[in-house]
Amino acid sequence: MRLAMSRDTMSEQVLRFTRSLWARATGADEDLAVPLKAAALKQRRRFVTGLRWASQWFWLLITIAVGAQFMRWVRQVETGVVTIDRPGGVEAFLPLSALLSLRHLWETGAISPVRPAGFMIFLAVAATGLLMKRAFCSWVCPVGTASEWLAGLSRRAFGRKLALPRGLDLPMRSLKYLLLLFFASAIFWRMSGADVAMFLDSPYNRVADVKMLYFFEQLSPFAAKVIFGLVVLSIAIPYFWCRYLCPYGALLGFLSLLSPLKVTRDAASCIDCDLCTKACPSHLPVAKLTRVSSDECVGCISCVAACPVPRALRVETPAPWRRALRPAAFAVVLLVLFGGTMVAAKVAGVWRTNVSDEEYVSRVQELNDPRYGHPR
Ligand code: SF4
Ligand code: SF4
């Protein structure tokens, strides 16, 4: 009897603890309509910035570790004696192969075994776009992180946030969608299922990761000038690559229109201070919107962190459920969604390529053969 009672008490305690965790994550336990004092607002801003900073560094260090391991592996492949594992994560940098794998899945119902890791990373990125706006851009993507650093450099150098005039900005923003349309139309309309299967299994695609490394190690003067030009442009016009050219950003912008989690402003609690608009790196007029639906919202929640009235601006699901996610919960959901998809893919065995080390060793010797050119 006493044992049954203590079990009851324990389960009630667990339930209470879970409810309080949920309430803290959603902010349901506080009077959020009261404006924060300056010190508390500063602390909140620091906390949110720190969360995003930690996430960006986490993924950047993982990317560097994957790159370093891949370079070591390629050096071993060149000598013919391979003792370490090839990191599958390197396939994140082969997005076209992932798009072809998507078409292949559509045609055959099976995941191509040539670049499974790249495809699963692609799915993980798409899942974040479908649920959490373009949070991938501002919390995970190393190019997004570099763009943010260059934007900070620009702000310090010029003393303000630079932007293209609206009349030029709008047509320029469509460039990334045109690029995405170009690749998608080639893969989903102009190529047949047989063409796609042939490309995925082509000599080029089977060693595309090694070719990519060689491309960056033996950068042509033209490619070096293009990269340098993009860096300069990203200082003169912050987020130039992400805002105008990145096809991944275009795909995420498109998917993010369906995202249930969006920054939402409660007009009744808003004190019209405009701090959210000033904080937005995407130049969105947050203080005038009720729900930020724009494809340019990168989910950085800088606006939420800047808002002095916690209830006035939150990341929320749509009415009628209207559940808000606090910044910490937002970060955890993103980590679980993106990282969890990759861990699940590894556990399920959808990660390792079917290109063996021996095949890499023999193909790397013949990379100058015309068969290793990009299939037309
Ligand atoms: S500041 Fe707010 S509205 Fe602007 S991009 Fe970040 S999350 Fe979106
Ligand atoms: S929503 Fe924007 S304008 Fe309104 S109180 Fe918050 S920061 Fe100020």
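This is a predicted model: local features need pLDDT of at least 70, side-chain atom pairs count only at pLDDT 80 or more; totals for chains, interfaces and linings use all residues.
To start with the big picture, the protein has 376 residues, and 31% of them count as buried. Its chain forms 17 helices and three strands. Looking at contacts with a separation of 6 or more, 76% come from residues 24 or more positions apart.

The three strands come together in one open sheet, in the order E1-E2-E3, and the pairing is antiparallel. Strand E1 (262–265) and strand E3 (324–325) sit at the edges with a single partner strand each, so one side of each has no neighbour in the sheet. As a reminder, strands of a sheet pair through backbone hydrogen bonds, and they can do so in a parallel or an antiparallel way. Here, four bridges link E1 to strand E2 (residues 313–316) in the antiparallel sense. Val-263 stands opposite Val-315 of E2, while Lys-262 has Glu-316 as its bridge partner in E2.

Next come the helices. Two packed helices are described by the angle between their axes and the distance between the axes. For H3 and helix H7 (residues 166–190), the angle is about 35 degrees and the axes are 10 Å apart. H3 passes H7 in a right-handed crossing. Which residues meet at this spot? From H3 there are Leu-96, Leu-99, Leu-100 and Arg-103, and from H7 there are Phe-183, Ile-187 and Phe-188. Sorted by class, the residues of this contact are six nonpolar, no polar and one charged.

Helix H10 (residues 208–217) has Ala-208, Asp-209 and Val-210 as its buried residues. Their cover includes helix H2 (38–79), helix H3 (95–108), helix H9 (203–206) and helix H17 (357–364).

One glycine is worth a stop. Gly-249 lies in helix H13 (residues 247–256). Is Gly-249 buried or exposed? Gly-249 counts as buried because 30 other C-beta atoms lie within 10 Å. Leaving out neighbours within four places in sequence, Gly-249 is in contact with Arg-134, Cys-137, Lys-176 and Cys-242. Take Lys-176: this residue is 73 residues away from Gly-249 along the chain, yet the two C-alpha atoms are separated by 7.6 Å.

Finally, there are the ligands. Ligand 1 is surrounded by 15 residues, and the closest are Cys-280, Ser-282, Cys-297, Cys-300 and Cys-303. What classes make up this shell around ligand 1? There are twelve nonpolar residues, three polar ones and no charged ones. Ligand 2 has 15 residues around it, of which Cys-270, Cys-273, Cys-276, Ala-287 and Cys-307 come nearest. Its shell holds twelve nonpolar residues, no polar ones and three charged ones.

Notes: Residues are numbered from 1 along each chain as its sequence is written. Chains are lettered from A and ligands numbered from 1 in the order in which they are written. A residue is near a molecule or strand if its C-beta atom, placed from the backbone, lies within 6 Å of it. Ala, Val, Leu, Ile, Met, Phe, Trp, Tyr, Cys and Pro count as nonpolar, Asp, Glu, Lys and Arg as charged, and the others, Gly among them, as polar. A residue is buried if 20 or more other C-beta atoms lie within 10 Å of its own, exposed if 12 or fewer, and partly exposed in between; C-beta atoms are placed from the backbone. Helices (H or I, at least four residues) and strands (E, at least two) are DSSP runs, numbered from the N terminus. Two residues are in contact if their C-beta atoms, placed from the backbone, lie within 7 Å. Two strands pair if DSSP finds at least two bridges between them. Axes are lines fitted to C-alpha atoms, for helices over the stretch in contact, and angles run from 0 to 180 degrees between N-to-C directions. A crossing is left-handed if the near helix is turned anticlockwise from the far one by less than a right angle, and right-handed if clockwise.
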